[in-house]
Every structure is written in structure tokens, then in C-alpha cells.
Amino acid sequence: MADADVVGRVHAASWRVAYAQLGEAFLATIVDEERIALWRRVLAEDDGVVFIAPSDAPAGFIYVGASRDDDAPAYVGEVMTFYAAPEAWGTGVGRVLMARAIEELRAMGFAEATLWVLDTNPRARRFYEIAGWRADGGRKHQEWRNASFDEVRYRIAL
């Protein structure tokens, strides 16, 4: 499954840069092969839709579907995963992917969409805010592997 290979490698590369603040112990757990295996399972079993940015080298991907939040009404979709390869940051790839995701979420019948972002990731938060997303007050604390972090939820009307 070629898409899973591309998505897994971009996912791992982006994490290594974007989440460096979570420390070396966390970064050491990011393995390309593990991310590829995860995406093989997700793409084979889940109902979400993935879009990969067209380019000569893997530049980024976005994965959308129904909201996974327990309290979300049926009319709320979600950008579940969105990453660009670090070398593609600032090139417009993210804007193209986000526009495609919004289009797909509308086509799926959703009236709103949400996404979760690391609260200490100002670059991503600024990107979302420029694109019209707004923090809606949702927060969650995550413990994963060797890291502890907080995320904030953003929302947009479709």
C-alpha cells in the first residue's frame, strides 16, 4: 500500500521537528516503520479519507472523517491528522491540503469541523487561525509514551 508508506514517512518526519519540544525520549520512539504500519491499518480499516499533496517528493497529507469526540453531534466532521514534511513548510502545501479537506468534509455532509492541536505549537495554531479556524474552548491532556502534553480544539463552520 504505497499511500501508507508515503503517509507514514511524512508523519514521522514531521513529528521529529514539530514535537521536538517533547524531548529526546519521545523523539526516540518515532520510527518510520511503525508509522507506516499504523497507516496501513488505518487506511485499510477506517472510514476516513486521506489526501496526499501532489509533488515530486512526499510533501504532506491530511486525513478527515466524522468527529471522534464523544460529545460531537453527527453534523461535525474532523481533521483527524494533518502533517507536512518539514521541507514543505511554508510552500503552500498546507493551504492546498486544507482546502481539499474542507471541500471533502462539506461533501460528506458535515456543517462544522474540528481539529486538535498541541497547545504549545504556535506555528500550527497560527496556520489554523489564518485559515479561519478558532479555538472553541475544548482542551484535553494526553499521556503518550514518554510525553505529557495538552491539546486545544479548533472549530470551523463549513
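I began with the ring cluster: ring pairs join Trp15, Tyr19, Phe26, Trp39, Phe61, Tyr63 and Tyr83. I paired rings of Phe, Tyr and Trp (its six-membered ring) if their centres lie within 6.5 Å, with planes under 30 degrees apart counted as stacked, over 60 as edge-to-face and the rest as tilted.

The model is predicted, so I took local features at pLDDT of at least 70 and side-chain atom pairs at pLDDT 80 or more, while totals for chains, interfaces and linings use all residues. Residues are numbered from 1 along each chain as its sequence is written, and side-chain values use heavy atoms, without hydrogens and water.

I searched the whole structure and found 13 aromatic pairs. Tryptophan 39 and phenylalanine 61 have ring centres 5.3 Å apart and planes at 75°, so I logged the pair as edge-to-face. Tryptophan 39 is in helix H3 (residues 32-45) and phenylalanine 61 in strand E2, 22 residues apart; helices (H or I, at least four residues) and strands (E, at least two) are DSSP runs, numbered from the N terminus. For tryptophan 39 and tyrosine 63 I have centres 5.2 Å apart and planes at 85°, so this pair is edge-to-face. Both tryptophan 39 and tyrosine 63 are buried (under 20% relative accessible area; exposed is over 50%, partly exposed in between, with a 1.4 Å probe and protein chains only).

Next I looked up helix H4 (residues 93-107). The buried residues of H4 include Val93, Leu97, Ile102 and Leu105. They fall within an arc of 165° (from directions between the helix axis and the C-beta atoms), so they line one face of H4. On the face turned away I noted exposed Arg95, Val96 and Ala107.

Notes. Expected span 1.5 Å × (residues − 1).
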